[in-house]
Each structure stands twice: as structure tokens, then as C-alpha cells.
Amino acid sequence: MTYQDTLNWMFSQLPMYQRQGKTAFKKDLTNTLNLASRLNHPELKFKSVHVAGTNGKGSSSHMLASILQESGYKVGLYTSPHLKDFRERIKINGKEVSKQFVIGFIKRNKVFFKAHKLSFFEMTVGMAFDYFAKQKVDIAIIEVGLGGRLDSTNIITPEVSVITNIGLDHTQFLGDTLEAIAYEKGGIIKPRIPVVIGENQKETTPVFKKIAEENHSNIVFADKEITSDYKSDLIGSYQSKNIKTVIQTIKTLQKKGFKISENNLKQGLQNVVKNTGLLGRWQTLNLNPKVVCDTGHNKEGLNYVMQQLSNETFNKLLIVFGVVNDKDLTSIIGLLPKKATYYFCKPDIPRGLDATELKNVFSKYNLKGEAYNSVNEAYEMALNNADIHDFVFIGGSTFVVAEII
């Protein structure tokens, strides 16, 4: 099979959350453990940091990888979802896994995958762990896919467990209260492994403290500990919370013997995009007019993004917006500016919400705009209608951003 053949098989034949939604969610780790056994337990062959959270886990993971790279370590990075190419999910020192490794891994294990009905995500986690073990990385930053306790990544025993924050997202899987979601994400806390929590929240702090106590794990809340102000090339006021989480995590790794200097820390934060290739976090795509995209898509994420947007100066605001069909629109619609012209679109995946349906819901809340046949058509129309002093924002879904950048 060619690389494209391999991807087509992975995407079309197997359960995959980003395409199917809830039916792709697995309720236990049996498949992942079976695959790990088949692969001779690669998860035991490299050190790791495990990163969970509702928002910020992707940015935090990339920051951590960048700092460790600046410190001279060979760093694996596993994140999801990808924006343009599947291989973005699996990197070492910013370089994507080779097409040949992807092809070979699927070819070697295809019969096993079919027999055990592995999901897209289960396969991908196995691929990442196998790659990191074979490439002998010094440490890998492993981002949780969904939740924590039952996530396929949760077979590792990391150097430190990190939970950025808790918000109401994926409630159909994780529960509809902050406490319930915290319990699921707190499932990455392991016996006697230190845990860093990014944000102290009154609903979730007791949950994390209880799980940490049961596991005899030292727990630290980064927003209570870190007072120094560091800058990053990841622009966006919302990154300040992620930076504090990252700094506290680095302090924990230093205590475990990792050699990371103050200069490594600063350089790592300033060169995240260069070192890791991160895309879609308050990313500027054009200057006249200014065009910015951001992958923030739930209530907390969009709240941060809209705060950042309020700091911009412009004449007119044009928003290219699309969502997936299981999105709770009532939770986000109040965050969005009424003084904007909306260009509604459907991301090109089966879970994409029809643009006309999105327009009809928004119009009830006095958010005005037109529906377009595709993300690119919506973007082109927004650009055509904008002058150099206007501002175009693209967002609502990771999949909308993916089609533009």
C-alpha cells in the first residue's frame, strides 16, 4: 500500500472519533493493552510526561517538547488531532514520523487490527509508542486524546502527570459536571507519580486532591506556585495559564534529574513553533486585512479566544465559523460578538454541522451572516468583503482551521 492507501484504510475502515463521534469511544483499555503486548510493551521503553485537560493540553505539550529539545534531549511528541497530515500526531524533535514507518506499521499489524476491531486512535497510540521506543527517545510528551482514565494513552507510567484545566466539553462521554470530568481526567494520576494541575478550581480541586492522596502522589497547583512572567511565541493572552503549568512541570522534571537551564526554558518558550511545528493557535495568516485562526472550540477555549479578539483594533469584524454536529451551541453562542458578519460553513467531515442549520440557530440570537457551500468558499467571500483595516477570524472547530492553513 502507498502512504495514501494506508491513510484511506485507517480513516475509512475503523472507528474514529473525529469522524463518527460517540460511537468511536471505547469504554476500556483492553485493545490498547493487547496491542502493547503484541508490540513487546514499547510504553515501558521510554520516559514520558502525560498531559490531560479540557483546554491547553496541546499548547502545553508543544511548549514542554520545545523546552526539552532546547535542553538537548531527543523528544517524542504525540498529539491529536492533526490539521493537515496524519504524521503531525507523531514527531521527534519537531520532525514528523516517516511515511514509510506509518505504512510498515499498518502492514505488519493489519490482520491484528481487523481481528480485534481496533479504533483509529488505539492504532495510532500503538504506532507512536512503537516509534518512540524504536527511535530511543530520551523522553516523550504524550497528550491525552479524550478524558484520561479510559484514554488509550493511559498505559504509560510518566515522570509527571499534568492536567491543565477542566471545562464542560465532551460531556456525552465524560459526565456533565466539572467534578465528573475531573474524575475522568484525574485517571491519569498514577501511584507515587507527581501531578501538576494548571488551574485551581473550586469544583475540581477536591477531586484531584482525593485521587492524588489515594495514590500517594505529590500534587501541585501551578497557578498558586508560579508568579514569574515568561513570554512565548504562542501568541494569545490565554497562553499565560499554559505557561505557568509548563514551568511547574519543568520544575518537577528538574527534581527528577533532567538538566534544564533557565536559558533552555526561555528559549524553549520563545521557539515553540520553530521547534515543534505547532499550527492553529492564534495563528496570523494575513496582515492586510489581518486574518487570524484559532482551534479553540469549546466554551472555555472560545472564551479565551474572544478575550484575545477584544484586544484587536479594526473597522469591521468578519467571522468564518463552522462546528461539528454534536456541539452544544447554547454553551458558546453567548460568547460570540453580535457586531460581526458571519460566514457560516460546514467542515468537510461527516460530523460537520450543515452551514444553513448553523445560520438558522445563530440568527435566533441576532448573529447575522450567510451560509456557504464550503469552508474555503466562506473564507474567500470574507476576504473579498474585507478591506485592509478589517479583521477576519476563522474558527469554531479544529476542522475548519485545518481546511484553511
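Author: Quick definition to start: helices (H or I, at least four residues) and strands (E, at least two) are DSSP runs, numbered from the N terminus. The model is predicted, so local features need pLDDT of at least 70 and side-chain atom pairs pLDDT 80 or more, while totals for chains, interfaces and linings use all residues. Residues are numbered from 1 along each chain as its sequence is written, and side-chain values use heavy atoms, with hydrogens and water left out.

Reader: Where is threonine 164 found?

Author: Take β6, which covers 160–163, and α7, which covers 171–174. Threonine 164 sits in the loop between β6 and α7.

Reader: Is threonine 164 buried or exposed?

Author: Buried means under 20% relative accessible area, exposed over 50%, partly exposed in between (1.4 Å probe, protein chains only). Threonine 164 has 2% relative accessibility, so it counts as buried.

Reader: Which backbone oxygen does the side chain of threonine 164 reach?

Author: A contact here means heavy atoms within 4.5 Å. Leaving aside residues up to four places away in sequence, threonine 164 touches several residues, including Thr54, Asn55 and Gly56. At 2.7 Å, its side chain reaches the backbone oxygen of asparagine 55.

Reader: How many residues of α6 are buried?

Author: Helix α6 runs over residues 120–134. It is mostly covered, and of its 15 residues the buried ones number 14.

Reader: How many disulfides are there?

Author: A disulfide is a pair of cysteine sulfur atoms within 2.5 Å. The sulfur of cysteine 293 is 13 Å from the closest cysteine sulfur, in cysteine 345, so that is too far for a bond. By this rule the count is zero.

Note on methods
The expected span of a helix is 1.5 Å times one less than its number of residues. A polar contact is a pair of N or O atoms within 3.5 Å; within protein, one must be able to donate a hydrogen and the other to accept it, and residues adjacent in sequence count only if both atoms are side-chain atoms.
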